[in-house]
Amino acid sequence: MENKHIASEIVRVENVRKTYHDNGVPVDALRGINLVVSQKDFSVIAGPSGSGKTTLLNIIGTLDKPTEGKIFLDGEEVASKNRRELADIRLKKIGFVFQAYNLSPVLNALENIEFTMMLRGIPADERKRRGLTLMEQLGIGELADKRPNEMSGGQQQRVAVARAISNDPRLVLADEPTANLDSATAAKLLDLMEQLNHESGITFVFSSHDPQVIERAHRLFILKDGQIISDKKNV
Amino acid sequence: MTSKIAWRNILRNKRRSLILIISIMIGVIAMILTDAFSVGMMQQMLTNQIGADAGYIQIHKSGYQANPSLKNSIADAGLIRAVLAKEQSSCNVSERLRTLGLVSSASNSAGVAIVGIIPGEEKKVTTIHKYIVKGNYLSENTDEILLSTATAEKLRVELGDKVVIMASRLDGSVGSEACRVAGIFETYDSGFDQTHVYIPLRTAQQMLGVPDRISEFVINPYDTKQTDLIALRLASALPHDDEVLTYKHMLPVLVMQIQVYDETIYIFYAIIAFALLFGIINTMLMAVMERTHEFGVDMAIGMSNKRIFTMILTEAIYLGIIGTAVGIAVSCAIFIPLSHSGWNLATFSESLNSLGIGTTIYPILTASSLINTVLIIPISATIGAMYPALRAMKLQPVEAIRTV
């Protein structure tokens with residue numbers, strides 16, 4: 001099965017269903033999703049609230065398991081993996097950017113970026129060097145010693161992006177990354193992510209209903225009631 | 001970096017960490033000081049009994065320990081004296097003749113152990129001379145007697161008064177002597193005081209009609225750690241009809257009491273560790289629940305369960321180590337001055353004296369007490385953190401991230 005995937009595919013979702021139980025009542029969050037994300041894509045999963053965007057992103061990111069169906073990341077089927085294996089896949093292949101930034105409040109900006117590199121066992125000197133380079137590249141070099149509570153939302157999200165790409169992931173998943181930012185800051189952040197996509201070839205998958213995000217998508221999946229109702233390329 | 005994060009998490013909620021550190025510290029202080037005072041108290045009981053009467057080693061005729069009668073006294077002490085002469089460089093020796101008898105005054109009489117001693121030599125092996133509260137210690141070859149305060153009060157006699165001592169002789173007749181009260185003593189052991197009187201050895205031998213007999217040799221090594229070794233040497237040099245006993249044989253109840261304490265202290269340690277365990281579980285569980293969202297994010301970015309477990313345990317170990325270190329420091333700050341001045345428990349003098357302890361307790365801090373504390377408390381902290389850490393490991397990343 002894995003051999004079927006062509007080399008340029010980074011994500012393949014096959015017939016994925018996700019059913020939650022709300023007080024014993026089954027609720028179908030995803031109903032037979034099929035999609036493919038290719039390397040270097042800048043994809044957006046859009047849709048109204050409750051359409052299943054975040055659920056789909058969580059399943060692609062191995063944070064959640066589908067009730068049915070298969071997920072392939074970089075050609076590897078992941079739905080059947082155990083917790084330890086999934087943590088390892090997330091560490092090595094996926095970077096996450098969250099709506100609420102989710103930086104560790106006890107670490108400063110540089111340490112937050114170094115954290116994922118530390119989990120991969122990269123030596124301290126190398127971590128620091130790479131962390132500072134990334135911060136300079138993302139225009140937040142002067143924030144190295146700042147704790148999250150000393151930074152603005154936009155600054156925190158840039159640190160979160162730096163953290164997400166610090167381990168050279170194959171894929172960055174961003175869940176509503178601009179939802180807590182003003183439009184000017186959101187635009188700068190998206191510029192940055194586009195730049196990373198162009199220059200470093202990092203694949204981005206967003207879940208968002210922010211028009212600013214949607215208009216930059218190279219590929220747009222529109223989700224409604226747990227189903228993809230539209231899949232547009234080169235929008 | 002894991003340890004840096006653990007440390008910063010400790011500092012994050014200073015009040016909660018401080019409360020936990022203080023509770024660990026109190027546990028440590030309770031463990032160290034309770035043990036130090038208990039060991040000090042028992043050591044004093046032992047030292048007082050050895051010092052007041054028993055000595056570290058005694059030599060008797062075989063069977064005397066089981067039946068301490070005049071019949072079992074040593075008739076020819078020449079060989080023993082010769083053997084002991086070779087030990088002159090390692091110990092002090094004194095001879096005694098001891099029998100049960102009656103001491104009477106015009107008003108009353110009391111059943112006592114009459115101990116005939118060589119006053120000058122006795123000073124080197126026991127401390128009875130230090131407990132004289134009135135009058136003087138015995139002189140050689142006189143008709144003087146030392147009574148305890150309790151006995152003097154019972155007989156209603158004062159210094160210089162005459163009392164009569166009586167005891168059975170070997171042939172069954174009754175021997176008696178009239179003695180003048182030269183001194184009154186008061187040890188830490190009220191039971192001992194009520195049952196012992198001291199007279200010169202010659203007076204005792206004369207009263208009992210046994211001019212050459214003695215009941216026991218009392219031997220005190222200069223280095224008391226050599227007690228067992230010297231006892232073994234003496235036993236091998238003496239014939240089998242002489243018994244060489246150390247204080248462990250002479251004071252079996254007290255020695256057993258100390259052994260029992262050494263074992264039961266672990267129950268006390270377990271109670272403290274158990275109480276701490278729940279405190280740590282509670283605190284760490286709160287810390288984990290408050291940080292559920294963060295653990296979810298950590299899991300999302302690839303932190304393994306093992307690392308999350310290690311991070312929580314590291315926090316608990318740090319708290320345990322800090323609490324233990326502060327507890328040891330405070331314990332030492334309390335212990336050091338008290339080990340010099342002692343803890344005056346005069347309020348409990350009656351019960352302490354009935355146990356043969358002075359009213360001032362000098363705590364003794366043992367290496368085993370410190371080692372046990374250093375091991376038990378941080379280990380308890382680690383065990384206490386395991387349940388919260390296991391709970392954190394079981395979190396589902398997606399649910400944990402949703403937790404606010």
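**Cysteines and disulfides**

Cys179(B) has a relative accessible area of 0%, so this residue counts as buried. Please keep in mind as you read on that the model is predicted.

- Searching the whole structure, over all chains, turns up 0 disulfides.

**A covered helix in chain A**

- Among the buried residues of H3(A) are Leu110(A), Ile113(A), Phe115(A), Met117(A), Met118(A) and Leu119(A).
- The buried residues of H3(A) also include Glu111(A), Asn112(A), Glu114(A) and Thr116(A).
- What covers these buried residues? From chain A, the cover includes helix H2 (83-93), helix H4 (124-137) and helix H5 (153-165).
- Chain B takes part as well, with H1, H11 and H12 included in the cover of H3(A).

**H11 against H12 in chain B**

- Helix H11 (residues 292-300) of chain B packs with helix H12 (residues 305-341) of chain B at an angle of about 140 degrees, and their axes are 10 Å apart.
- That angle makes H11(B) oblique to H12(B).
- The two helices, H11(B) and H12(B), cross in a right-handed way.
- On the H11(B) side, the contact is made by Phe295(B), Asp298(B) and Met299(B).
- H12(B) brings Asn305(B), Ile308(B), Met311(B) and Ile312(B) to this contact.
- Sorted by class, the contact of H11(B) with H12(B) has 5 nonpolar, 1 polar and 1 charged residues.

**H1 against H12 in chain B**

- Helix H1 (residues 2-12) of chain B also meets H12(B): their axes come within 9 Å and cross at roughly 60 degrees.
- H1(B) and H12(B) are therefore oblique to each other.
- The crossing in which H1(B) passes H12(B) is right-handed.
- H1(B) makes its side of the contact with Thr2(B), Ser3(B), Ile5(B), Ala6(B), Trp7(B), Asn9(B) and Ile10(B).
- From H12(B), the contact residues are Arg307(B), Met311(B), Thr314(B), Glu315(B), Tyr318(B), Leu319(B) and Ile322(B).
- By class, 8 nonpolar, 4 polar and 2 charged residues make up the contact of H1(B) with H12(B).

Note on methods: Residues numbered from 1 in each chain as written. Chains lettered and ligands numbered in written order. Predicted model: local features only at pLDDT ≥ 70, side-chain atom pairs only at ≥ 80, totals over all residues. Heavy atoms only, no water. Axes fitted to C-alpha atoms, helices over the stretch in contact; angles between N-to-C directions. Helix = DSSP H or I, 4+ residues; strand = E, 2+ residues; numbered from the N terminus. Parallel < 35°, antiparallel > 145°, perpendicular 65-115°, else oblique. Left-handed = near helix turned anticlockwise from the far one by under 90°. Contact = heavy atoms within 4.5 Å. Nonpolar A, V, L, I, M, F, W, Y, C, P; charged D, E, K, R; others polar. Disulfide = S-S within 2.5 Å. Buried < 20%, exposed > 50% of the residue type's maximum accessible area, 1.4 Å probe, protein only.
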